[in-house]
Amino acid sequence: MRAETLKGHLDGILLAVLEPGPSHGYAIMEALRVRSGGAVDLPTGTVYPALHRLERAGLVRASWSGSGGRRRRVYELTPAGRHALDGERSTWRDFSAAVTALLQPAPPPAVNPS
Amino acid sequence: MTGLSRRPPPDGGAAVEGYLAAISARLPGPAWARSGITAELRSGLLDATDAHRAAGLPPAEATAAAIGEFGDPALVADGFTAEIAARLARRVAVILLVTGPLVGALWLSTAFTSHLGIHHVPPWEWQNLSGAVRAAIRLLVVPVGVTVWAALFGIASTGRLTRWLPAAPRRAATAGAVAGFAAVGADALGLTLFAAQLVAGPGALAPIPAAAAATASIVRLILARRAAHRCLVIRASLA
């Protein structure tokens, strides 16, 4: 699934991936792949900048963690991020219900017996 | 973040470092923005390499697979351009808003210690100054006002309001450039007034506060001009 297809829902998806607990960039990309059954495989140039944007908006908090050999930039939801995720879920439920209804095959037109 | 980037690469290896250098070369903006991004990507690449090794690939192939997974350096760099523009504009705006009152306070303290005016009357009514200088002081409100408004817009459009507003990194970069050039105008006007006062009454100015204010204004003018230019360059790359 391409990034353009997810446009408008990327923020909610990233917030949802971070909901269970703090995570770092590569683990977030992996979680997107695993949780979508491989359907969502977003490029590095989409995921990392989006995380930075969410941080700027105050929806996630980022900090360097680890010591010695490898340090990772770890992201976690802020209270505002949890609130925004609730909103994204609600919006998605309304949106998907409406689109599902619209995409249903239309019933055959009534046939006039005459 | 910058401090982290100065550490030696942990165990990236030539392939990873070469890949990161290719990304860094394509990233716009100042070094502080690029170094934080490459440090984060390095740790991600090492995690990806570990994952491929755990899946059974030998070290060199695991590194190549991780690099392949992260993708074309040009595309990775392109993805960061808007974010760097927003962060740059925000940083420029904050620095201008913080340094403006400091430089202004230095000029006012110069004026007071030089006995150019009295505290309870605004500077444009000080009778010790010539009419032209008083008029020029009034003019300062234009560049100072533009700096403040553009900087406030830059901060507002790159902060928490982006939760509800559409992302507009190009507009933020424009605001950063406008604020920077307006600050250049304010400092240039302040320095011109200083020079005029030096000519009109040499020896009247208290030397130490005057030197401090002039130095601060010159430094701010140079840095603001550089920052504004950077904002314009990154704005062009967002076209």
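Reader: Which residues does B:Arg163 touch, leaving aside residues up to four places away in sequence?
Author: In this predicted model, B:Arg163 belongs to the loop between helix H7 (141–156) and helix H8 (169–200) of chain B. Once residues up to four places away in sequence are set aside, the residues that B:Arg163 touches are A:Ala57, A:Leu59 and A:Ala84.

Reader: Does B:Arg163 count as buried, partly exposed or exposed, and why?
Author: The count of C-beta neighbours inside 10 Å is 17 for B:Arg163. Because its count is 17, B:Arg163 is classed as partly exposed.

Reader: How far apart are the C-alpha atoms of B:Arg163 and B:Thr192?
Author: Along the chain, B:Arg163 and B:Thr192 are 29 residues apart.

Reader: Which element gives the largest share of the side of chain B that touches chain A?
Author: The contact draws 25 residues from chain B and 21 residues from chain A. On the side of chain B, the elements that give two or more residues are helix H3 (31–54) and helix H5 (73–113) of chain B. By class, that side has 11 nonpolar, seven polar and seven charged residues. The largest share, eight residues, comes from H5(B).

Reader: In what order do the three strands of the open sheet in chain A lie?
Author: The edge strands of the sheet, each pairing on one side only, are strand S1 (23–24) and strand S2 (60–65) of chain A. Strand S3 (residues 72–77) of chain A is joined to S1(A) by two bridges, and S2(A) and S3(A) pair over six bridges. The pairing is antiparallel, and the order in chain A is S1-S3-S2.

Reader: At about what angle does helix H3 (residues 44–56) of chain A run to S2(A)?
Author: Helix H1 (residues 10–18) of chain A packs on the sheet, touching S1, S2 and S3 of chain A, and its direction makes about 100° with that of S3(A). Helix H3 of chain A, by comparison, lies across S2 and S3 of chain A. The angle at which H3(A) runs to S2(A) is about 115°.

Conventions:
Residues are numbered from 1 along each chain as its sequence is written. Chains are lettered from A and ligands numbered from 1 in the order in which they are written. This is a predicted model: local features need pLDDT of at least 70, side-chain atom pairs count only at pLDDT 80 or more; totals for chains, interfaces and linings use all residues. Two strands pair if DSSP finds at least two bridges between them. Helices (H or I, at least four residues) and strands (E, at least two) are DSSP runs, numbered from the N terminus. Two residues are in contact if their C-beta atoms, placed from the backbone, lie within 7 Å. Axes are lines fitted to C-alpha atoms, for helices over the stretch in contact, and angles run from 0 to 180 degrees between N-to-C directions. Ala, Val, Leu, Ile, Met, Phe, Trp, Tyr, Cys and Pro count as nonpolar, Asp, Glu, Lys and Arg as charged, and the others, Gly among them, as polar. A residue is buried if 20 or more other C-beta atoms lie within 10 Å of its own, exposed if 12 or fewer, and partly exposed in between; C-beta atoms are placed from the backbone.
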